[in-house]
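Here is a short walk through one protein chain.

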Amino acid sequence: MTDDAREQALVRDGILTMGDLDLALAEQRASAADPALRRAARLLAQEARPVMLGRAWDIVEPFTAALAGHCPDIESIEASGPMRRAEPLVTNLVIVGRAADPARAIERLATVPGATRILHRSGRRALVLVEGHEIDLRVGTPDEYGSLLFTTTGPAAHVVEVLKRRGPRLCPSEADVYVHAGLAFLPPETRDAPDAIERAADQRVPRLVAREDMRGDLHMHSTYSDGRDSLRRVIQASDALGYEYIAITDHSEHAGAARTLTLDDIKRQRDEIAQLRKDFPRMAILHGLEVDILPDGTLDCPDAVMASLDIVLASLHDSAGQVGRRLTERCLVAIRHPLVSVITHPSNQLVGRRPGYDMDYAAIYEAAAATGTALEIDGAPAHLDLSGERAGEAVRAGVTVVIDSDCHRMRTLDRQMRMGVGTARRGWVEPAHVLNTRSVAEVRDFVAGKRTR
């Protein structure tokens, strides 16, 4: 935002960002009918640069690390706003920290690497330009940190509703905010849900799946297809995360990926995995494949080859210009195939570019539950699919879901699993709903159970 534009926005009750504007409107501190506010809103909207969740972490993580190193007065530094709620498309980059003297901590920002410009600075807040994106840094004292983290996390309507119940008191922790409001604590990812307050009031908030529950990753790619890392590097990175098991699932030969796996490559890959298993005896390495569901509903890999694999994933990558009814039929054929264990990124959405396919998801959930086929919550930032809403629908229909990274670059392996978990939590998914919170023996039983039905 230009300096003049920022000053025009600034005079409106401290409204510096779209997040500020949303909260001011929700609290009725400002009126959407106010011409000056409308001008400020237009200016803010023009400067808004939504980014995918993965890109948001690319910007925020290095800056947060630099901030911790150069501003030791700031503690408990955490991403807030839409990132903390695991929204697929992020409109505000927000960081919250705690310090005994916030003003002193803010003064040291100029020394932080990556902060190319300080756009605004006050005693408890700064807007910092990092890689061409604004980061809204908030710093609170220990006795107000919980209230600050809660308020900046949003969404605005949820904040206002909870604060009506809690009153004006400051809280050192977020848990205190909910206690004083007479509510069960709501994880950040659930706060967009229309029934979140009702659940919290009735104390109906289950323990949701968490990153530490994930015992393995069943969808990742190597240089055998379009991954950036060798098979050994994929396995090393997974072992370093402490996974008990993984599945190597490169693309089959009819996928639209830059590189794919031919039938001859599958045998060569099987032999290499057999050798690597000796070097990584602690971790079970499953040999899998991500096959394509072709326009006629068939799979692009012979049954005999799929039967020789430990696990088979099927993907509806190419719509082939077909309508929702036909896409649903193609998906159902794959779900009913005895050798398909998982349908990956079922709606095939591309965040910020293309909504998911317009399919009959109720029929898909019913078939997946009936056949023992898992539906994937894909942690790749371009997919994040199933969405939180659809993941919730699926588990309520009795479907087993699997949370995978769909990782093509091992440097983001853990992050993409975290994003997948965040997406699942948006749908109130619990550990018992998730296949890869279970042991490798249970995963093998799940695959075998469908194959023998």
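A residue counts as buried when its relative accessible area is under 20%. By that cut-off, buried residues make up 55% of the 453 residues in the protein chain. Keep in mind that this is a predicted model.

Start with the overall build. The protein chain has 18 helices and 14 strands. Its C-alpha atoms fill a box of roughly 70 × 40 × 40 Å, taken along the principal axes. How does the radius of gyration fit what a compact globule would have? With 453 residues, such a globule would have a value near 22 Å; the protein chain has 24 Å, which agrees.

Next, look at contacts and surface. Take the contacts between residues at least 6 apart in sequence: 69% of them join residues at least 24 apart. The accessible surface comes to about 18,500 Å². Carbon and sulfur atoms account for 50% of that surface.

Now zoom in on strand β11, residues 311–315. Is this strand mostly covered or mostly open? It is mostly covered: five of its five residues are buried. In a regular strand the side chains alternate between the two faces of the sheet. Follow the side chains along β11. I311, L313 and S315 point one way, while V312 and A314 point the other way. Both groups are buried.

Which strands pair with β11? One partner is strand β10, residues 284–292. β10 and β11 pair in the parallel sense, over five bridges. Within this pairing, G288 stands opposite I311 of β11. That is the I311 that points the same way as L313 and S315.

Another partner is strand β12, residues 342–343. Two bridges join β11 to β12, and these strands also run parallel. Here A314 has I343 of β12 as its bridge partner. To get from β11 to β12, the chain crosses through helix α14, residues 324–336. This β-α-β crossover is right-handed.

Finally, turn to a loop. D195 lies between α9 (174–180) and α10 (196–201). Is D195 buried, exposed or partly exposed? Its relative accessible area is 28%, so D195 is partly exposed. The cut-offs explain the label: buried means under 20%, exposed means over 50%, and partly exposed is in between. How far is D195 from T64? The two are 131 residues apart in sequence. In space they are 33 Å apart, C-alpha to C-alpha.

Technical notes
Residues are numbered from 1 along each chain as its sequence is written. This is a predicted model: local features need pLDDT of at least 70, side-chain atom pairs count only at pLDDT 80 or more; totals for chains, interfaces and linings use all residues. Side-chain values use heavy atoms; hydrogens and water are left out. Buried means under 20% relative accessible area, exposed over 50%, partly exposed in between (1.4 Å probe, protein chains only). Helices (H or I, at least four residues) and strands (E, at least two) are DSSP runs, numbered from the N terminus. Two strands pair if DSSP finds at least two bridges between them. A crossover is right-handed if, with the strands pointing away from the viewer, the path from the first strand over the helix to the second runs clockwise. The radius of gyration is taken over C-alpha atoms; the globule rule is 2.2 Å times the number of residues to the power 0.38. Contact means heavy atoms within 4.5 Å. Accessible areas come from the Shrake-Rupley method with a 1.4 Å probe; for residues, only the protein chains shown count as cover.
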